[in-house]
Amino acid sequence: MKRIGTLILVAVGMLSAGWALAEQDSRMKVVVDEFGKLADGRKVDRYTIKNSSGASIQLTNLGAIIVSLKVPDRTGKLDDVVLGFDEPAPYLTDSPYFGAVVGRYANRIDEGRFSLNGREYALATNNDQNHLHGGNLGFDKLLWQGQVVDTGRGAGVRFSTVSADGDEGYPGELFVAVTYVFTDDNALEINYQSSAVDDTVVNLSQHSYFNLAGQGDGSILDHTLQINADFYTPVDRTLIPTGEILSVKKTPFDFTQPKPIGRDIKAKHEQLSFGGGYDHNWVLRRSEFEGQMHLAAVLTDPGSGRKMEVLTDQPGLQFYSGNFLDGSVTGKEGVAYAYRGALALETQHYPDSPNQPHFPRTTLRGGESFTSKTIYRFSVAN
Ligand code: BGC
């Protein structure tokens with residue numbers, strides 16, 4: 001039965017992908033090579049996509065991770081704007097989710113417990129008493145199946161995997177596919193797709209750490225951020241939402257107008273002390289149509305002129321200001337990643353939604369599928 005379930009899930013996933021899957025083809029600018037081996041000998045693939053402007057992205061089937069992303073500054077100079085490693089092994093041992101797809105439930109679940117259909121589930125607790133980003137062996141640590149795709153808008157890679165019933169404590173088998181497409185105008189499109197055999201919870205996100213000056217180049221405190229959100233969800237000292245939805249007005253959490261990240265980050269505010277800086281979910285302004293894409297955030301680096309717009313159909317945005325980076329992790333090109341040397345803008349559902357009935361639902365019913373889309377669009381500010 002289980003096996004049949006898996007086959008059906010995979011088949012449904014393939015059919016509903018909605019994109020022409022193509023075998024690798026010499027016209028596509030996707031180069032597949034070996035990224036390296038894990039400690040247990042498993043081989044890990046790397047996909048390099050270069051668009052017609054010369055910008056490029058590297059992806060790996062380990063964790064469906066974005067390894068590098070090279071985009072131009074105002075003079076046309078390409079720099080890698082995401083943190084990561086030059087080889088696969090440290091992603092399993094030293095990585096605070098650099099570039100990874102996080103799930104089954106991105107962000108925190110209070111004490112790893114929730115009820116579904118009257119039954120209580122206990123998830124792995126890997127962040128003190130809480131569950132974070134899918135547990136000990138989350139989606140970020142799995143070897144996914146990778147397949148090159150060509151969408152007409154650009155080349156990409158579709159990663160898929162099946163999470164078994166009971167993995168990290170989650171109920172029900174789940175099929176997941178994440179498709180990245182890198183367009184000629186430097187937009188990275190991410191399509192998430194998931195289908196369940198039995199009722200479960202799902203919250204998928206991308207955990208890239210961005211520094212628009214270039215990875216390892218100073219802190220992000222001078223970056224300017226705008227978030228299209230009038231409310232945020234405050235947290236307790238373990239970073240679990242209290243359940244309140246509070247206005248950002250007259251608080252350090254007001255990014256409705258573009259503001260340097262460093263301007264208020266040291267303000268005396270209980271929420272900033274709980275997060276050690278910004279580590280919160282913003283309630284995004286939504287279009288009146290459910291599932292429609294909206295501009296969630298705009299990040300700019302005045303030094304390089306690089307600008308990144310974040311568009312999504314998701315209700316929340318976790319802005320994490322890299323507060324736990326402390327120079328102890330050495331990444332690509334031997335660079336030690338400094339305190340607040342990068343930030344994450346994670347489009348997702350609100351944290352702990354399974355325990356907060358008034359938050360948008362994250363339940364995925366058996367036989368149903370979930371799709372969502374996020375775009376990180378790169379350009380140069382005027
Ligand atoms: C969380 C942080 C956490 C980081 C790395 C972010 O999504 O909000 O609290 O430290 O991921 O694990």
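1. How many residues surround the ligand, and which are the closest? The count is 13, and the closest are Arg108, His133, His207, Asp279 and Glu346.

2. A word on the basis. This is a predicted model, where local features need pLDDT of at least 70, side-chain atom pairs count only at pLDDT 80 or more, and totals for chains, interfaces and linings use all residues. Residues are numbered from 1 along each chain as its sequence is written, and side-chain values use heavy atoms, with hydrogens and water left out.

3. Look at the ligand's oxygen atoms. One is 2.8 Å from a side-chain N or O atom of Arg108. For His133 the distance is 2.9 Å. For Gln318 it is 3.2 Å. Taken alone, the ligand exposes 310 Å², and the protein buries 93% of that (Shrake-Rupley method, 1.4 Å probe).

4. Now the shell by class. Seven residues around the ligand are nonpolar, three are polar and three are charged. Asp, Glu, Lys and Arg count as charged; Ala, Val, Leu, Ile, Met, Phe, Trp, Tyr, Cys and Pro as nonpolar; the others, Gly among them, as polar.

5. There is also a cavity: a set of points on a 1 Å grid over the protein atoms alone, where a 1.4 Å probe fits but cannot get out. The structure holds one of 30 Å³ or more. The volume is the space filled by probe spheres set on the points.

6. Arg108, Asp279 and Gln318 are among the residues lining the largest cavity. By class, that lining has three nonpolar, three polar and two charged residues. Lining residues have an atom within 4 Å of a point.

Conventions:
A residue is near a molecule or strand if one of its heavy atoms lies within 4 Å of it. A polar contact is a pair of N or O atoms within 3.5 Å; within protein, one must be able to donate a hydrogen and the other to accept it, and residues adjacent in sequence count only if both atoms are side-chain atoms. On a 1 Å grid over the protein atoms alone, a cavity is a set of points where a 1.4 Å probe fits but cannot get out, and a pocket is an open set with protein on both sides within 12 Å along at least five of seven lines; lining residues have an atom within 4 Å of a point.
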